[in-house]
Amino acid sequence: MNTVPLNQILFGPPGTGKTYNTINEALKILAPQLWEQNSGDDPDSRKRLKEAFDELVDKERIRFVTFHQSFSYEDFVEGLRARTDETTGQLRYDVVDGVFKSLCEAAASKVTRHAEAPSEVGQRRVWKMSLGNTLGDDASIFQECINGGYALLGYGGGINFAGCTNRQQVQERFAEEGVVPGNPGTDYGITSVTAFVAKMKVGDLIVVSDGNFKFRAIGEVTGDYQFKPHSEFDADYSQMRPVRWLRHYQPSLPHSELLNAQFSQMTLYELRAPTLNQEKLERLLGASASERSAENDARVLIIDEINRGSVSRIFGELITLIEESKRAGRPEALPIVLPYSQTRFTVPDNLYIIGTMNTTDRSLAGLDIALRRRFVFKEMPPRPELLDDVTVAGVNVGQLLRVMNQRIEVLLDRDHCLGHAYFMPLADDSTIDRLANIFRNQILPLLQEYFFEDWQRIGWVLNDHRKAVSDRFVQQKSGQAIALFGPHVGEGLADGVWALNEDAFERQEAYLGIIDASRLAVEPEVKRQASHGDLVLRELASGTIELLHNGKLKQPVLPVLRELASDAGIDIQNANGNDLNTRTLGGKLITHLSNGG
């Protein structure tokens, strides 16, 4: 971890494995030994790393967030959230921690009290309880309970509820002291006292909340109810249960370390699934004394597309605090007072930030200077060498990617190259169908975005201008503009009408021509052919299907093949219900026609 920067950004064009490699960088920090043992390229190693990563995400050791244009300081650090108070029904505003602040507090939190947890935690009843208000006159109650080994309930006044075993008896005890609420059946004072006195049992667990979004202690109930008049609060905090405190966290932990939702405002109630995450509870209480340092270990925040958000607006004053020298515990540590909560805040030195940056959105030169100064940048360029051993229908995929990127660098810049990740699926499925899908659904749309629909330049990247017409991915439509607008206007518009050639996506020659059009034979080798009227259907040695009408190539091929197959009663779909491609359907038709069909 000493060699890993606290703040780093992986940058490069699309498809170079930036997000993929955040897993590696996170595990270098949190599980260095596991990373070293599985840093190879074999699939099993990657599977083990991904499983370890997912487990750390479940443990809240890693958080993942994506920046976008509407992402704000309130989402990232803290902000106000409106909600209805459960007791008064009035609208109120709570300060809610954002992903960065909550992770910082989790990273900084230390276990100041640690006792051996009871067995069979999963079978224990769990209660949420407030022990005083951290901002109120009764803020001292929490520390008193921790020091004294008990829990105190603020309801019930100075009434002794000893011997009460149900709600009716609690209500009668209230009435004996002259306390008769307007609606006894729903009165929360009666409800909370009944839970504390009669329902809570020895062996139950208590989670002490700190507002609605944090918790600060976990304890085990060790004794029955006792009436213990409080010397400072005459009419409150006289109801007591002995408790053995198992964990005390300073600062408090975010609620997400234990719950799948926030705490309720009620002072005392039972925590149940799905709100309570039982696995997280067992994890918090499961560490032995020798393992408890794991609770204070490093945390990692992964920010995907970090340059898509307004960094100065999202980070605010915290852009300074993330500097290594300004982190908590460093000689130049810098605390600030946050604007919403008005609390002092520092960034711990065991919080690591890993960002990813797509250079097609914004180059390094245009990046916020404050961000550039505080992050280490690691370039993630395209790696066509990873594909040099992958061949599809005689086309070397590594060389295919290499040549296209060389052309893009000349026409645009290196920030707009194509990443190798788009083509990695071909290592397991080296079919021309998969290659066609990659080009049709990913490469061509990306080139359209890069060149702002300048089809001529797109064609240059694909070397279309030096290929036979049938092998070009993009073709000019001739004559359509003149037919639509007449010769005077149409002649000036004809060069701007372009269309995709669907047949090219399944032609080996179209891909070979990207690399070097001169390598293609002038006369292709024909493997077999068959005739149907004035149509000739032929299969080339490369597997490409061509259709000739009166000796001239006809395009597009697939619609004609489907029509011929329909007339011949040949199914145009496979067993899975997917349409057959040009090669498969063409092969079936040639076989059918050659057999006299």
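Predicted model: local features only at pLDDT ≥ 70, side-chain atom pairs only at ≥ 80, totals over all residues.

Residues are numbered from 1 along each chain as its sequence is written, and side-chain values use heavy atoms, with hydrogens and water left out.

**Entry 1: the cavity**

Rolling a probe the size of a water molecule over the atoms shows where empty space is left. My working rule uses a 1 Å grid over the protein atoms alone: a cavity is a set of points where a 1.4 Å probe fits but cannot get out, and a pocket is an open set with protein on both sides within 12 Å along at least five of seven lines. Lining residues have an atom within 4 Å of a point. Grid points are joined across faces, edges and corners, and a volume is the space filled by probe spheres set on the points.

How many cavities of 30 Å³ or more are there? I found one. The largest cavity holds about 100 Å³ of space. Its lining has 14 residues, and D503, R507, T544, I545 and V557 are the closest to the centre. I saw that β24 (545-549) and α20 (582-594) each give at least two residues to this lining. The largest share, three residues, comes from β24.

I also sorted the lining by type, counting Ala, Val, Leu, Ile, Met, Phe, Trp, Tyr, Cys and Pro as nonpolar, Asp, Glu, Lys and Arg as charged, and the others, Gly among them, as polar. For the largest cavity that gave four nonpolar, four polar and six charged residues.

Next I went to the open spaces. The largest pocket has about 1,500 Å³ of space. It is lined by 49 residues, with N133, T134, D210, G211 and N212 nearest its centre. Elements giving two or more residues to this lining include α5 (99-108), α6 (140-148) and β11 (239-254). Which element gives the most? That is β4, with six residues. By type I noted 16 nonpolar, 19 polar and 14 charged residues in the lining of the largest pocket.

The second largest pocket has about 770 Å³. Of its 23 lining residues, Y20, D41, R383, L386 and M424 are the closest to its centre. Both α1 (18-30) and α3 (43-58) supply at least two residues of that lining.

**Entry 2: the nonpolar cores**

In soluble globular proteins, nonpolar side chains tend to be buried together. I took a nonpolar core as a set of buried Ala, Val, Leu, Ile, Met, Phe, Trp, Tyr and Cys residues joined through side-chain atoms within 4.5 Å. Buried means under 20% relative accessible area, exposed over 50%, and partly exposed in between (1.4 Å probe, protein chains only).

The largest core has 38 residues, and F423, F439, L447 and Y511 have the most contacts inside it. Helices α13 (397-411), α14 (432-450), α15 and α18 (508-515) each supply at least two of its residues. The most, 10 residues, come from α14. I then checked F439, taking contact as heavy atoms within 4.5 Å. Leaving aside neighbours within four places in sequence, F439 is in contact with residues including L400, M404, F423, F505 and Y511. Another core, of 33 residues, lies apart from this one, with I141, I190, V208 and L268 among them.

D464 sits in the loop between α15 (455-461) and β20 (474-476). Is D464 buried or exposed? It is buried, because its relative accessible area is 3%. A polar atom of the D464 side chain lies 3.0 Å from the backbone nitrogen of V474.

A115 is in the loop between β5 (110-114) and β6 (126-129). At 18% relative accessible area, A115 is buried too. The C-alpha atoms of A115 and L246 are 4.7 Å apart, though 131 residues separate them along the chain.

R48 lies in helix α3. I wrote it down as partly exposed, because its relative accessibility is 39%. Not counting residues up to four places away in sequence, R48 touches N38 and D42.

Key. Helix = DSSP H or I, 4+ residues; strand = E, 2+ residues; numbered from the N terminus. Polar contact = N/O pair within 3.5 Å; in protein donor to acceptor, adjacent residues only side chain to side chain.
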